[in-house]
Amino acid sequence: MTTEESRNTAQPVLGPLTTAAIFLVVSVDPGDEETARNLLSQAPQLQRALGFGHPEGRLSCVAGVASAAWDRLIDGPRPARLIPSAR
């Protein structure tokens with residue numbers, strides 16, 4: 001899958017629960033946007049590589065983008081309910 005294809009492919013966030021999951025929390029410093037985009041585009045490959053040995057676990061990997069990083073990372077409209085997080 002190319003980077004462009006992965007950006008345009010919706011993740012199944014409402015799929016059935018699985019017995020294993022990957023959660024990534026990444027801070028994106030100014031100037032590191034391309035590195036973050038590359039990491040996000042590799043999530044499907046990471047899921048396949050780690051889940052390959054135990055397909056019965058149905059490993060899932062979901063990535064979210066915080067409001068503060070959205071405009072720097074995503075070329076497209078913001079989701080309607082994407083709001084700044086409270087700290």
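The points below cover the fold, the helix packing, the salt bridges and the surface of this predicted model.

1. Conventions. Residues are numbered from 1 along each chain as its sequence is written, and side-chain values use heavy atoms, with hydrogens and water left out. In this predicted model, local features need pLDDT of at least 70 and side-chain atom pairs count only at pLDDT 80 or more, while totals for chains, interfaces and linings use all residues.

2. Overall fold. The protein chain has four helices and two strands. Their order along the sequence is α-β-α-α-β-α. Helices (H or I, at least four residues) and strands (E, at least two) are DSSP runs, numbered from the N terminus.

3. Take the contacts in the protein chain with a separation of 6 or more: 60% of them join residues 24 or more positions apart. Contact means heavy atoms within 4.5 Å. Of the 87 residues, 20% are buried. The classes are buried (under 20% relative accessible area), exposed (over 50%) and partly exposed (in between), with a 1.4 Å probe and protein chains only.

4. Helices H2 and H3. H2 spans residues 33-41, and its axis comes within 4 Å of the H3 axis. The two cross at roughly 40°, which makes H2 oblique to H3. Axes are lines fitted to C-alpha atoms, for helices over the stretch in contact; angles run from 0 to 180 degrees between N-to-C directions. Under 35 degrees counts as roughly parallel, over 145 as roughly antiparallel, 65 to 115 as roughly perpendicular, and the rest as oblique. On the H2 side, Leu39, Leu40 and Ser41 make the contact; on the H3 side, Ala43, Pro44 and Gln45 do.

5. Salt bridges. The whole structure holds three. The criterion is a side-chain nitrogen of Lys or Arg within 4 Å of a carboxyl oxygen of Asp or Glu. Side chains of opposite charge can pair when their charged atoms come close.

6. Glu33 with Arg72. The closest N and O atoms of this salt bridge are 2.9 Å apart. The pair links distant parts of the chain: Glu33 sits in H2 and Arg72 in H4 (residues 67-73), 39 residues apart. Glu33 counts as buried because its relative accessibility is 15%. Arg72, at 31%, counts as partly exposed.

7. Glu34 with Arg37. This salt bridge also has its closest N and O atoms 2.9 Å apart. Both residues lie in H2, three residues apart, or about one turn of the helix. Glu34 is at 51% relative accessibility, so Glu34 counts as exposed.

8. Asp71 with Arg78. Their side chains meet in a salt bridge at 3.1 Å, N to O. Asp71 counts as exposed, at 55% relative accessibility. Arg78 is partly exposed, at 34%.

9. Ser67. This residue lies in H4. Its relative accessible area is 10%, so Ser67 is buried. Neighbours within four places in sequence aside, Ser67 contacts Arg78, Leu82, Ile83 and Pro84.

10. Surface. The protein chain exposes about 7000 Å², and carbon and sulfur atoms supply 59% of that area. Areas come from the Shrake-Rupley method with a 1.4 Å probe; for residues, only the protein chains shown count as cover. Leu24, Val26, Leu39, Leu46 and Leu50 make a nonpolar patch of about 420 Å². Patch residues have over 30% relative accessible area and no salt bridge; like charges are joined within 9 Å, nonpolar side chains (Val, Leu, Ile, Met, Phe, Trp, Tyr) within 5 Å. Leu46 lies in H3, residues 43-51. With a relative accessible area of 32%, Leu46 is partly exposed.
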